[in-house]
Amino acid sequence: MQGCGNDFILVNRLEERLEDEDLPELARRWCDRHFGVGADGLVLVEPSKQANYRMRMLNPDGTESEICGNSIRCFAKYVFDRRLHADTLLKVETNSGVRLLKLRTRGREVDQVRVDMGMPILERRDIPLRGDGPSPVVSERLQAGGRKFEVTCLSMGNPHCIVIVEDVDNYPVERYGPEIETHKLFPKRTNVEFVQPLSNSELKQRTWERGAGETLASGTGASAAVVACALTNRTARRVTAHLPGGDLFVEWTGDDHVYLNGPAAEVFNGEL
């Protein structure tokens with residue numbers, strides 16, 4: 001399945017017997033685009049005592065993510081379209097808490113999902129970042145890869161570092177993305193968003209995802225980018241984010257919650 005080109009292998013663990021110790025190796029093997037199925041992550045549908053279902057997502061390097069904004073929309077479409085869940089409201093447990101999703105359907109299938117991503121985490125130690133610098137981390141200087149960056153950092157359940165650039169299409173994301181991802185400032189590494197504000201209500205973004213490399217889209221990344229741009233007065237709080245794989249609409253509302261709106265689609269299914 002894919003959301004704005006961010007693609008995932010979904011497995012119903014309610015039916016398939018997969019042992020926990022096997023999951024990192026399965027993610028590495030199955031997500032390989034040359035010798036496996038090919039994906040930006042392995043997503044598991046599991047039972048939950050707190051919500052309707054539990055979602056787990058493993059990156060292509062075998063590490064487990066706290067949450068993923070694009071895969072959770074695919075998750076919602078998976079359980080609804082397969083009649084595992086009948087309501088257009090869905091609660092999903094993730095490694096960063098329970099998220100509430102509202103599904104938009106056409107016929108008997110989901111085509112758009114609105115996700116309550118919760119409140120952005122702005123406290124330095126909770127993102128987390130090392131050091132005793134200012135909090136929130138807004139327009140802070142960071143040196144990586146032989147150059148200096150001005151960054152804004154926050155968490156949307158997973159850590160993000162936002163870098164404002166003038167020409168994102170031609171920016172060397174593949175050079176500086178891994179340098180910032182693995183910087184000593186971030187004890188759990190970080191996702192990196194390279195963002196070009198276009199107007200008060202639009203931005204263009206490319207994302208270097210922790211454990212995956214550059215992807216065509218990132219839901220938590222778009223959410224973080226809008227919060228960062230609003231904090232630095234570059235955009236309003238209702239913004240369309242243009243990503244290489246498509247558009248996501250993000251709202252940072254008066255209740256301090258961030259809402260992510262975007263598509264989800266099934267590409268193919270099979271047996272492995």
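## Overall fold

Among contacts in the protein chain between residues at least 6 apart in sequence, 60% join residues at least 24 apart. This is a predicted model. The secondary structure of the chain comes to four helices and 18 strands.

How does the radius of gyration of the chain compare with that of a compact globule? With 272 residues, such a globule would have a value near 19 Å. The protein chain has 18 Å, which agrees. Along the principal axes, the C-alpha atoms fill a box of roughly 50 × 40 × 35 Å. Of the 272 residues, 55% are buried.

Start with strand E10, residues 137-144, and strand E11, residues 147-155. The two pair in the antiparallel sense, over six bridges. One place to look is Arg 141, which stands opposite Glu 150 in E11. E10 and E11 form a hairpin, with two residues between them. Gly 145 sits in the turn and has a positive phi of about 60 degrees.

Now follow the chain from E11 to strand E12, residues 159-164. E11 and E12 run antiparallel and are joined by five bridges. Val 151 stands opposite Val 163 in E12. Cys 153 has Cys 161, in E12, as its bridge partner. E11 and E12 also form a hairpin, here with three residues between the strands. In this hairpin Gly 157 takes a positive phi near 100 degrees.

Is E12 mostly covered or mostly open? The strand is mostly covered: five of its six residues are buried. In a regular strand, side chains alternate between the two faces of the sheet.

E12 also pairs with strand E13, residues 191-199. Five bridges join E12 and E13, and the two strands run parallel. Val 163 stands opposite Phe 194 in E13. Which helix does the chain pass through between E12 and E13? The path goes through helix H3, residues 173-181. This β-α-β crossover is right-handed.

## Salt bridges

Side chains of opposite charge can pair when their charged atoms come close. How many salt bridges does the structure hold? The count is 23.

Take Glu 46 and Arg 13: their closest N and O atoms are 2.6 Å apart. Glu 46 lies in strand E4 (residues 42-46), while Arg 13 is in the loop between strand E3 (9-12) and helix H1 (23-31), so the pair ties together parts that are 33 residues apart in sequence. Glu 46 has 6% relative accessibility and counts as buried. Arg 13 counts as buried too, at 18%, because the cut-off for buried is under 20% relative accessible area.

Arg 28 and Glu 25 make another salt bridge, with closest N and O atoms 3.5 Å apart. Both residues lie in helix H1, three residues apart, about one turn of the helix. Arg 28 is partly exposed, at 39% relative accessibility. Glu 25 is also partly exposed, with a relative accessible area of 39%.

Glu 140 forms a salt bridge with Arg 124, the closest N and O atoms being 3.0 Å apart. Why does this pair link separate parts of the chain? Glu 140 lies in strand E10 and Arg 124 in the loop between strand E9 (109-116) and E10, so the pair ties together parts that are 16 residues apart in sequence. Glu 140 is buried, at 15% relative accessibility. Arg 124 is buried as well, at 7%.

Salt bridges can also share partners. Arg 13, Asp 20, Glu 46, Arg 54, Arg 56 and Glu 64 are joined into one network this way.

## Around Ser 218

Ser 218 is found in the loop between strand E15 (213-215) and helix H4 (219-231). Is Ser 218 buried or exposed? Ser 218 counts as buried, at 4% relative accessibility. A polar atom of the Ser 218 side chain lies 2.9 Å from the backbone nitrogen of Gly 221.

Leaving aside residues up to four places away in sequence, Ser 218 touches several others, including Asn 6, Asn 70, Leu 243 and Leu 248. Among its contacts are also His 160, Glu 193, Gln 205, Thr 207 and Glu 209.

Terms used: Residues are numbered from 1 along each chain as its sequence is written. This is a predicted model: local features need pLDDT of at least 70, side-chain atom pairs count only at pLDDT 80 or more; totals for chains, interfaces and linings use all residues. Side-chain values use heavy atoms; hydrogens and water are left out. Two strands pair if DSSP finds at least two bridges between them. A salt bridge is a side-chain nitrogen of Lys or Arg within 4 Å of a carboxyl oxygen of Asp or Glu. Buried means under 20% relative accessible area, exposed over 50%, partly exposed in between (1.4 Å probe, protein chains only). A crossover is right-handed if, with the strands pointing away from the viewer, the path from the first strand over the helix to the second runs clockwise. A polar contact is a pair of N or O atoms within 3.5 Å; within protein, one must be able to donate a hydrogen and the other to accept it, and residues adjacent in sequence count only if both atoms are side-chain atoms. Contact means heavy atoms within 4.5 Å. The radius of gyration is taken over C-alpha atoms; the globule rule is 2.2 Å times the number of residues to the power 0.38.
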